[in-house]
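Please keep the sequence and the structure at hand while reading.

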Amino acid sequence: MRYYLGLATTFHDPAVALVGPDGSVLFAEGTERVLQYKRAPNCEPDPAGRMIGLLERYVPRGSEIVVASSWGEQFSDFLRGQQASGAFDLMALAAHPTTLNRSFVPERAERIFIADLALAQARAGYGTLLALNQESRGTGAAARAEIVAQARYPHHLAHAAYALWGSPFRDATAVVVDGMGETGAAAIYSLRDGRIAEVRRQRGRGSVGFLYGLVTDLAGFDQVKGEEWKIMGLAPYGRPDPDLMDELRRLYAVENGRLKFADDATVQAVAAEIRARRPADVGEGGWADLARSGQEIFCELMDVLVAEASALAPHDNLVIAGGCGLNSSYNGRVLGRSAFRNLHVPSAPGDDGNAVGAAWLAFAADHPDWTGPEAQARPLTPYLGSGVSTEPMERLAEQEPRARRLGLPGVTREAARVLAAGGLVGWVQGRAEFGPRALGNRSILADPRPAGAKDALNAKVKYREAFRPFAPSILAEAGPDWFEDYADSPYMERTLVWREDVRDRVPAVVHADGTGRLQSVTAERNPAYAGLIAAFAEITGVPILLNTSFNVMGKPILHTAEDAILMFYTTGLDALVVEDWIVVK
Ligand SMILES: [Fe+2]
């Protein structure tokens, strides 16, 4: 039996994935969750303590393991080139006693990853890699589990593999856009009858992701902290400023339908020019006009890439992957701006998703006839992470009579009642979402009807910037009644426009520009969550809940029931549901 361990090995958003002998994704999770360290910068994806439980749970004794990672050989060449040009000292980085080198210097990184995995195997009783090899060689005894191969895959190919094979399509065109790959920051792939082929790879250092990062910094945020999404939230509060847009347009040109980015000197000049234009009264809330202008420019850049993809690999089905796929505002508009008719963006378009992509590529290499998961396993569910134990709720109930096990129908009724009365509910069910969005398994929920719900939620639990919108989860069958040009949005991947006549019914989830980043919920995808929204709709007539991730500002989404109980008692949550347990304040 052969298992495929995928490692997302960028210096941000590391993740692990396990693909089984039949090609199904058994597990996928960002390392930030177990570490409770947002985006886990510079952390190895597979800490030994983590791998023990995963291997014991998913990989039977006697299995073979193929380790697949998300940066190809060319990344080593790129780093050597950077070092040669004096951009940074690779050897100093490699020698640095932090974990930075683990995720940034591939040769070293993989040694350490494998060492961690071997350590985890040893602690789980599998024996170390070395011992296993000696054991099998020396005694002829079969190893209990053995790493039989290591494979590295090009970064953008890993993005594309995860997004294309996880899509509902057998045929599609993928546009991968992020900060950087081995040779450039965008690529186009085609899926034809389940087989992936590279269509074109952008070359050079210019990048849509970095341009958006520059706007993030100039608007008063920090791209190092991954605050690019604040630009999207702030943009509707600003106006497109023609002068700022002209400046930003100096950063790129379109030649023969292709993007060409400006040189470093121009980037520096534009940054200086924009800084000089910054009004004195821009406070901590950020520079809204620049955010708006930057978002408009982002859309222009994406349009060029999407049009190029459409010309080179025309098809009805578009897949967007890479970190720029998190721009739900663009995703919601792209179909109206291109020849594509259907869109899929996976739940983890950023670098965490590459753990699945790399594992799938390794699986495909061993199974040349494989053309993606079975139809019933597509699109790929986002609920691929860790489950929770209800033991902490049982222990809580020994001291807290209001903690009760009511069964799923019971907690659903009770939670719907609390929500309809304006309460805030922490809702923890099943396996965690893979990717940055809470999709009803690690969510804080609220009634979307009161205009003040957003401020109350910020004051009581989330403590985040007032301009950031909260998102709606809606029963899929009700979607067309509430949104213009409704399209199924299973992963909160796109922002759509609310119908004019319903906006004042759910003001807490209507953004300043009349949009909402919706999640379409069906009983098939998430029965417990669909049941809760239906129960809420029965009381209120509104098949929509405000859904935000179950975390506090600056922390990742919680990982255990203990985390949930801690948040319940230290914030203004009114009720906490963990599986079929509930505790109400
Ligand atoms: Fe990436």
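## Loops, sheets and helices

Aspartate 485 is found in the loop between helix 20 (479-482) and strand 17 (495-497). Helices (H or I, at least four residues) and strands (E, at least two) are DSSP runs, numbered from the N terminus. The model is predicted, so local features need pLDDT of at least 70 and side-chain atom pairs count only at pLDDT 80 or more, while totals for chains, interfaces and linings use all residues. Residues are numbered from 1 along each chain as its sequence is written, and side-chain values use heavy atoms, with hydrogens and water left out.

**Loop residues**

Most residues other than glycine have a negative phi, and most peptide bonds are trans. Aspartate 485, which is not a glycine, has a positive phi near 45°. With a relative accessibility of 73%, aspartate 485 counts as exposed; the term exposed stands for over 50% relative accessible area, buried for under 20%, and partly exposed for values in between (1.4 Å probe, protein chains only). Aspartate 193 also has a positive phi, of about 50°, although it is not a glycine. The loop that holds aspartate 193 lies between strand 7 and strand 8.

Is aspartate 46 buried or exposed? Aspartate 46 is buried, because its relative accessible area is 0%. Its place is the loop between helix 1 (31-35) and helix 2 (48-58). Glycine 6 is 40 residues away from aspartate 46 along the chain, and the C-alpha atoms of the two are separated by 9.8 Å.

A cis peptide bond leads from arginine 378 to proline 379, with omega near -10°. Proline 379 belongs to the loop between helix 16 (354-366) and helix 17.

Five strands form an open sheet with mixed pairing, in the order 8-7-6-11-12. Two strands pair if DSSP finds at least two bridges between them. Strand 8 (195-201) and strand 12 (342-344) stand at the edges with a single partner strand each, so one side of each has no neighbour in the sheet. From one strand to the next, the twist averages 25°. Axes are lines fitted to C-alpha atoms, for helices over the stretch in contact, and angles run from 0 to 180 degrees between N-to-C directions.

Strands of a sheet pair through backbone hydrogen bonds, either parallel or antiparallel.

| Strand pair | Sense | Bridges |
|---|---|---|
| Strand 6 (residues 172-177) and strand 7 (residues 186-192) | antiparallel | six |
| Strand 7 and strand 8 | antiparallel | six |
| Strand 14 (residues 425-428) and strand 21 (residues 575-578) | parallel | four |

Valine 176 stands opposite alanine 187 in strand 7. Isoleucine 188 has arginine 200 of strand 8 as its bridge partner. Strand 7 and strand 8 form a hairpin with two residues between them, and aspartate 193 is in the turn. Helix 13 (residues 288-312) lies across strand 6, strand 7, strand 8 and strand 11 (317-321), and runs at about 145° to strand 6.

Valine 428 stands opposite valine 578 in strand 21.

**Helices**

The axes of helix 17 (residues 391-399) and helix 22 (residues 561-570) come within 8 Å and cross at roughly 45°. That angle makes helix 17 oblique to helix 22; angles under 35 degrees count as roughly parallel, over 145 as roughly antiparallel, 65 to 115 as roughly perpendicular and the rest as oblique. Pro392, Met393, Arg395 and Leu396 of helix 17 make the contact with Ala561, Glu562, Ile565 and Tyr569 of helix 22, where contact means heavy atoms within 4.5 Å.

Helix 18 (residues 407-420) has 14 residues. Among its buried residues are Gly410, Val411, Thr412 and Glu414. Glycine 422, which follows helix 18, has a positive phi near 95°.

Terms used
The expected span of a helix is 1.5 Å times one less than its number of residues.
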